[in-house]
Amino acid sequence: MPRQGGRHFLQIPGPTNVPDRILRAIDHPTIDHRGPDFASMAKGVLTDIRTIFKTEQPVVIYTASGTGAWEAALVNALSPGDRVLMYETGQFSTLWRNLADRLGLKPEFIPGDWRRGADAQAIEAVLAADTTHDIKAVCVVHNDTSTGITSNVSAVRQAIDNAGHPALLMVDVISSLGSIDYRHDEWGVDVTVGGSQKGLMLPPGLSFNAVSVKARIAARSARMTRSYWDWEEMIQANEKGVFPYTPGTNLLFGLRAAIDMLHEEGLDNVFARHDRHAEATRRAVNAWGLEVLCSNPEEYSSALTAVLLPEGNDADSFRKVVLENYDMSLGNGLGKVAGKVFRIGHLGDFNDLMLSGTLCGVEMGLGLAGVPHSTGGIVAAMDYLMGRRQNA
Ligand SMILES: *Cc1c(COP(=O)(O)O)cnc(C)c1O
């Protein structure tokens with residue numbers, strides 16, 4: 001491909017655009033990770049990251065992708081052969097299930113149609129039937145990035161309580177943290193699994209476990225093999241501002257900047273910005289005459305929108321046209337919806353004009369690729385964005 005001028009549009013739902021301020025923060029000489037400067041930086045980051053998870057409990061930071069933190073959640077709190085209840089909301093829940101299976105757990109999937117979120121009533125029914133309390137954890141993906149579905153975590157908590165079941169609640173917030181409201185403590189979550197490269201606006205390379213007291217107690221008797229992922233070793237070292245091994249020092253400088261940026265804007269404003277961009281995107285999709293994959297409006301994701309193409313149109317060919325002509329990367333369909341959907345990421349460091357440019361690229365791409373659609377999606381999105389700006 002010949003070089004194209006201007007800036008590439010990275011509109012996949014993660015990794016997201018890394019703001020210059022974070023790039024500048026990472027661009028810092030690597031320092032002694034056992035020295036005093038590191039300890040004061042690390043203590044601040046380890047304390048302040050809790051405000052993003054809305055927890056007062058420890059948040060363990062791993063130098064790993066989100067998948068590592070998925071594994072960490074399971075191996076710290078569970079024992080070989082434990083039953084784990086998971087809910088199929090899309091490809092990410094499927095991958096977490098597969099990981100649990102390979103680790104020697106017994107994951108049980110409540111099947112879903114990839115168009116709706118975790119059904120709390122179905123979870124409650126399974127838990128109520130487990131009178132011997134063999135199920136040790138319930139795992140849900142808050143925002144399934146493959147389908148653009150946001151599940152109601154507080155309803156899942158309620159379901160566990162209604163069933164009077166002691167299972168731990170584990171939640172993947174890799175693509176919702178810093179984009180969609182999430183409350184680790186208030187919602188009674190035991191392990192929250194996060195990642196750096198989506199709403200936190202960082203490059204890939206850090207991931208997180210926020211850990212409840214109940215989960216830490218469970219870890220004492222949990223028998224799965226663990227070493228690198230061990231929470232207690234980390235939490236104890238972290239109290240002194242150190243890590244048991246070399247941390248991702250420069251990414252932590254970036255994380256400092258990311259936390260500051262989220263608070264300067266205000267978390268509620270960050271969430272409202274994401275809601276607004278998601279609504280504008282859906283208005284464009286409707287005007288194009290295309291369908292949003294998520295079929296329940298209460299579960300629309302504010303981080304990304306997965307769009308179904310009309311039967312007979314290959315979503316990957318469409319994405320190729322957009323990349324080659326407009327230098328924009330859109331997310332591909334994963335797993336069961338491969339080739340059928342494309343995904344527009346509208347999370348992280350993002351504003352009205354970036355969204356407008358993104359939707360322009362999609363609309364022009366639909367035209368060039370010969371996908372049947374109506375024009376006017378951009379206008380519908382702009383009308384909404386302008387109206388909301390005036391009312392704000
Ligand atoms: C991106 C993502 C993952 C996987 O994270 P990696 O950093 O690629 O390992 C898991 N779950 C969700 C919801 C994600 O969006």
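Trainee: Is D48 buried, partly exposed or exposed?

Mentor: Buried means under 20% relative accessible area, exposed over 50%, and partly exposed in between (1.4 Å probe, protein chains only). D48 has a relative accessible area of 26%, so D48 is partly exposed. This is a predicted model, where local features need pLDDT of at least 70, side-chain atom pairs count only at pLDDT 80 or more, and totals for chains, interfaces and linings use all residues. Residues are numbered from 1 along each chain as its sequence is written, and side-chain values use heavy atoms, with hydrogens and water left out.

Trainee: Which residue forms a salt bridge with D48?

Mentor: A salt bridge is a side-chain nitrogen of Lys or Arg within 4 Å of a carboxyl oxygen of Asp or Glu. For D48 the partner is R256, with the closest N and O atoms 2.9 Å apart. The two sit 208 residues apart, R256 in helix α9 (residues 249–265) and D48 in helix α2 (residues 36–53); helices are DSSP runs of H or I, at least four residues, numbered from the N terminus. R256 also forms a salt bridge with D260, at 2.8 Å between the closest N and O atoms.

Trainee: How many salt bridges are there by this rule?

Mentor: The count is 20. One network of them links K54, D181, R183 and E186.

Trainee: What is the distance from T145 to the ligand?

Mentor: A polar contact is a pair of N or O atoms within 3.5 Å. A polar side-chain atom of T145 lies 2.4 Å from a ligand oxygen atom, and one of T67 lies 2.5 Å from a ligand oxygen atom.

How values were computed
A polar contact is a pair of N or O atoms within 3.5 Å; within protein, one must be able to donate a hydrogen and the other to accept it, and residues adjacent in sequence count only if both atoms are side-chain atoms.
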